[in-house]
Amino acid sequence: MISLLDLYHVLTAVVPLYVAMILAYGSVKWWKIFSPDQCSGINRFVALFAVPLLSFHFISTNDPYNMNFRFILADSLQKIIVLAVLFLWSKTSSRGSLEWSITLFSLSTLPNTLVMGIPLLKGMYGDSSGTLMVQIVVLQCIIWYTLMLFLFEYRGARLLIVEQFPDTAGSIISFRVDSDIISLDGKEPLQTEAEVGEDGKLHVTVRKSTSSRSEIFSRRSHGPNSGLSLTPRPSNLTNAEIYSLQSSRNPTPRGSSFNHTDFYSMVNGKNLGSGVSPRQSNFGVFDEERGGVGGYPAPPSTGIFSPVNGPGANNNGNGNKKKGSDGKDLHMFVWSSSASPVSEGGIHVFRGGAGGEYGNELAHHQKDYDEYGRDEFSFGNRGVSNGVDREGPVLSKLGSSSTAELHPKTASQVETKPTSMPPASVMTRLILIMVWRKLIRNPNTYSSLIGLTWSLVSFKWNIAMPAIIAESIAILSNAGLGMAMFSLGLFMALQPRIIACGNSVATFAMAVRFLTGPAVMAAASIAVGLKGVLLHIGIVQAALPQGIVPFVFAKEYNVHPDILSTGVIFGMLIALPITLVYYILLGL
């Protein structure tokens, strides 16, 4: 029977975490102490130093030779069961998709074990439960988060191939990815070049599009024969960053991939690139009479802030309008697909030179790409039906090989012909390359592996860490827990709404998080023979709030970030009473 003293011990362990979160929330929302720029700096410190060192501290002090393998098996079995069910659902249901499978897997199996789980379970079941949580953290960092990256990169590679090679994907036998590309998350437009080998197969090179560079090409008006100026225009908004909290239902417009090569190819009616994928520019044919391409006005010379004149003022695109000092509307273009205070410090803003006859903005922004139907767990050469998703958040495709898509397709214009995929070995090699590049740039990878290595050495030969190194790590790792909660409070304060995905979707997400996850964990634990306190610990840890790392992944790859955001924020608010209910019911 749970006594009031037991409940007091639990609250003593958990309430200080909420105090840090509430102070951070009030610092931004009520007291205006921190600006978005400063919040971004704090979040970056937490991501690069506080959390990795906190993870290293817990892992390095855990004895890997006395791990509870039955408990680890139950946790792994829970995740395998969920993956198997989602795989069958994506294969057999018309509503099944890779995107929803990834999201549901995150919601049901990846709780906030490091920040919330360790102090909460220690308060409930003692220090031994903290050791079990550390063992789960090790598996999460090394296995399950890596699997998440694999699935996200598979999705990115799949969309890239369907976009670039709709008819010839099955003939691809190799990919070479330039070293400056670390992910296929769609943040930057990518360009592919295909060469036909002696065997008639395609060898593809993936590189960043020319337009993804930081230069901004401005168009100067010096009469009817004016051309493109290649001189980058300096920004007069130094160090300014704009944070766009777009959801996947309304993604931020991707940066235009217009470049001078495509410009000449449009004028001459042919592709000038050698070995470039035979996909023509999406800008259409240059229209001399209208001063633009394919019926669109020419690129603006005034950069991302430009006055709107004439009918362009009634633009219904995705740009955010602001009023200028002269009373004219100003459109704000955000040239990226990922912009959040929790992301890499926001998006840098550039502004061009003076306006002219070409100062009008593009009449329409890039809209949501039409989706390719069900993305299933398969690498082989099978068809992928293209279609428009009727429900759920809209998912953007990756950038085009030469230009950003400015002509949104209707449902009737989408191809119905299935698209084959490259062989499984080719796809696997491409995805492993991208996952490796992401992992080697993630400090949590190093902290987990180094911590595990040190624990194997130190507990094998009873070697103590030198005091000067231990204290250097401890001074930051001790602050890691509080700083992680503080950073979460800042993130909550910067969101326009706590429930970003809508009430009905939020209710479904919370049911998956706090009911489905613990139920599957209970079944897996009973199946492997867990009883008593171990069974209770397994169920309660499965009822912890949503983990932060899956949300970061979802934001980077633009896969239901609004749902994961709600899972993190709203889940943290209701997690304490829910876990207490589980704790009390299991203790009866």
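Reply: In this predicted model, the residues Thr 146, Leu 149, Phe 150, Glu 153, Tyr 154, Ala 157, Arg 158 and Ile 161 of helix α6 meet Met 427, Leu 430, Ile 431, Leu 432, Met 434, Val 435, Lys 438 and Leu 439 of helix α8. Sorted by class, this contact of α6 with α8 is made up of 12 nonpolar, 1 polar and 3 charged residues.

Two packed helices are described by the angle between their axes and by the distance between those axes. Here α6, which covers residues 127–164, and α8, which covers residues 424–439, pack at an angle of about 125°, and their axes are 9 Å apart. Because of that angle, α6 counts as oblique to α8, and the crossing of α6 and α8 is right-handed.

To place this pair in its setting, the chain contains 14 helices and 12 strands, and 51% of its 588 residues count as buried. Among the contacts between residues at least 6 apart in sequence, 80% join residues that are at least 24 apart.

Ser 27 is located in helix α1, which covers residues 4–29, and Ser 27 counts as buried because its relative accessible area is 7%, with buried meaning under 20%. A polar atom of the Ser 27 side chain lies 2.7 Å from the backbone oxygen of Leu 23. If residues up to four places away in sequence are not counted, Ser 27 touches Lys 32, Ile 33 and Phe 34.

Most residues other than glycine have a negative phi. Asn 462, however, has a positive phi of about 55° although it is not a glycine, and this residue is found in the loop between α9 (443–461) and α10 (467–494). His 560 also has a positive phi, near 50°, and is likewise a residue other than glycine; His 560 belongs to the loop between α13 (548–557) and α14 (561–586).

Conventions: Residues numbered from 1 in each chain as written. Predicted model: local features only at pLDDT ≥ 70, side-chain atom pairs only at ≥ 80, totals over all residues. Heavy atoms only, no water. Helix = DSSP H or I, 4+ residues; strand = E, 2+ residues; numbered from the N terminus. Buried < 20%, exposed > 50% of the residue type's maximum accessible area, 1.4 Å probe, protein only. Polar contact = N/O pair within 3.5 Å; in protein donor to acceptor, adjacent residues only side chain to side chain. Contact = heavy atoms within 4.5 Å. Axes fitted to C-alpha atoms, helices over the stretch in contact; angles between N-to-C directions. Parallel < 35°, antiparallel > 145°, perpendicular 65-115°, else oblique. Left-handed = near helix turned anticlockwise from the far one by under 90°. Nonpolar A, V, L, I, M, F, W, Y, C, P; charged D, E, K, R; others polar.
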